[in-house]
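Hello,

Here is the structure I promised to pass on to you.

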Amino acid sequence: MELDFERCYRAVDSRDQRFDGWFYTGVTSTGIYCRPSCPAMTPKRQNVRFFPSAAAAQTAGLRACRRCRPDAAPGSPQWDVRADVVGRAMRLIADGVVDRDGIPGLAARLGYTERHLHRMLRAEMGAGPLALARAQRAQTARTLIETTGLGMAEVAFAAGFGSVRQFNDTVREVFGAAPSELRTARRQHPVPGGAGTITLRLAYRPPLHAEALLDFLALRALPGVEEVRDGTYRRGLRLPHGPGEAALTPADGHVTATLRLTDMRDLAPAVARCRRLLDLDADPTAVDGTLAADPALAGVVAAEPGIRLPRSVDGFEMAVRAIVGQQVSVRSARTTLTRLLTHLRPPAPTPGPAGVDQEVRAPGERSREPEPLDRPAEGAGSAAGTGRLQGFPSAEEVLGVPDEVFGMPAGRRETIRGLARAVADGSLDLAPGGDREESVRRLLALPGIGPWTAGYVAMRALGDPDVLLPTDLAVRRGAAALGLPDAPTTLDTYADRWRPWRSYAVIRLWRAA
């Protein structure tokens with residue numbers, strides 16, 4: 001990745017937080033690397049090098065600054081939204097694929113040889129897949145050291161290291177301190193929670209419109225799986241080594257995440273999925289700047305800066321939700337999904353008042369009138385009480401559900417089963433590292449899935465930032481409310497000026513409706 005020295009140096013000199021995670025500043029005179037926003041004195045030009053990733057800086061022999069904690073900076077919005085091989089590889093590495101399956105497993109998921117994958121990552125990120133995974137292991141280890149009482153050997157293996165010696169050497173090299181020194185420093189602060197519980201901060205680039213995020217999630221919350229209560233979003237997770245639960249509370253400059261894990265090896269995947277769910281690696285300045293250039297959207301962008309694209313922790317779950325809600329109100333969809341969950345999971349407490357959905361389907365998927373979009377009361381979409389939440393069922397579990405449990409037309413029931421079969425046998429990849437274009441093609445090939453459903457899944461499950469749903473009735477109503485053309489074809493043409501952020505425009509049009 002090419003980094004313009006003058007532009008990067010100006011960002012460092014102004015301590016611009018917007019560039020945190022876009023690149024890293026290496027200072028050769030001190031042997032450390034920092035965020036662009038590091039409060040330390042600006043280094044001299046002749047002592048500065050810029051790196052596209054923390055792993056590249058570490059490979060160059062630099063250690064992380066103890067003041068600005070560059071290892072805890074937001075992820076790069078570039079690889080978060082890119083659909084090419086490098087972007088997919090970075091998302092899979094963040095999800096822990098290298099720790100679970102090694103470099104051969106990562107290369108197989110992407111369809112490339114290990115050698116060619118290494119060349120591509122070195123060219124773009126300044127480091128190969130092993131170095132990138134090592135940088136993530138180091139950050140996971142630091143989190144476990146500072147927030148749990150696990151023994152150092154347990155931390156080493158939970159973070160993905162092959163040996164305690166490798167763990168010790170890496171921590172000293174990356175952070176300039178022994179693991180025991182990091183733990184001594186954190187003992188000044190009490191650690192909340194019990195065994196298997198970790199509380200940490202998830203950084204993001206401001207601004208973040210937290211109310212819009214929580215409203216969106218509350219309106220769609222499934223009892224027993226997720227809830228919104230007192231400004232906190234909680235949900236169950238299906239993780240590689242066992243079930244987990246996340247509680248996410250937006251705060252100033254970060255989201256407080258309390259994770260309850262069955263297996264500490266799932267820390268990195270849990271963090272990656274929570275970041276993806278809340279779209280914390282987005283660059284809101286870039287998104288809002290593009291959308292605000294349209295006079296029709298300038299007012300809503302100025303009134304609500306930092307609107308994010310709520311995504312998902314489970315692509316299969318998002319696809320099932322989209323199919324179930326194709327021709328029914330959100331209340332009916334929630335009833336159907338609750339029946340499915342009750343069959344596959346222990347009964348959940350009685351839910352509070354149901355929220356309402358504003359999306360409708362494209363032609364061929366039969367549109368319906370949206371219900372009133374009242375803002376939910378505090379706790380709407382929540383289960384009564386805060387009992388243990390569980391992740392959405394797997395594709396294999398859904399395949400075993402009897403016909404009578406689905407409670408929906410036979411055609412839609414078979415669409416869900418077709419989806420589940422495709423996900424279970426690996427012919428359809430809805431994971432963050434999947435090929436978006438190929439996944440959409442395979443979705444559209446399934447009977448009962450049309451352009452609206454495939455687009456919705458691409459936007460929320462696959463993280464495509466540039467999806468427009470021009471036939472969606474609420475999108476058209478939002479467009480009309482803002483003085484935009486509301487005919488699908490005309491709106492589709494008009495929306496070209498919003499590229500590559502049309503998914504974010506959809507969220508704003510839904511809110512305008």
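**Salt bridges and buried residues**

D20 and R35 are joined through their side chains by a salt bridge, 3.5 Å from N to O; the term stands for a side-chain nitrogen of Lys or Arg within 4 Å of a carboxyl oxygen of Asp or Glu. This pair links distant parts of the chain, 15 residues apart: D20 sits in the loop between α1 (5–13) and β1 (24–27), and R35 in the loop between β2 and β3. Helices (H or I, at least four residues) and strands (E, at least two) are DSSP runs, numbered from the N terminus.

Before going on, please note that this is a predicted model, in which local features need pLDDT of at least 70 and side-chain atom pairs count only at pLDDT 80 or more, while totals for chains, interfaces and linings use all residues. Residues are numbered from 1 along each chain as its sequence is written, and side-chain values use heavy atoms, with hydrogens and water left out.

Buried means under 20% relative accessible area, exposed over 50%, and partly exposed in between (1.4 Å probe, protein chains only). Beyond its neighbours within four places in sequence, R35 has contacts that include D20, T25, C68 and R69, a contact being heavy atoms within 4.5 Å.

The count of salt bridges comes to 37.

- R321 and E226 meet at 2.3 Å, N to O. R321 is in helix α15 (residues 315–324) and E226 in strand β6 (residues 226–229), 95 residues apart. R321 is buried at 16%, and E226 at 3%.
- D71 pairs with R142, their closest N and O atoms being 3.9 Å apart. D71 counts as buried at 14% relative accessibility, and R142 at 6%.

There is also a network of salt bridges that links E227, R234, E245, R260 and R388.

Next, a helix: 12 of the 12 residues of α12 are buried, so α12 is largely enclosed by the rest of the structure. D279 follows α12 and has a positive phi, near 60°.

Finally, L430 lies in the loop between α19 (410–424) and α20 (436–445) and is buried, with a relative accessible area of 7%. L430 and F316 are 114 residues apart in sequence, yet their C-alpha atoms are 6.4 Å apart in space.
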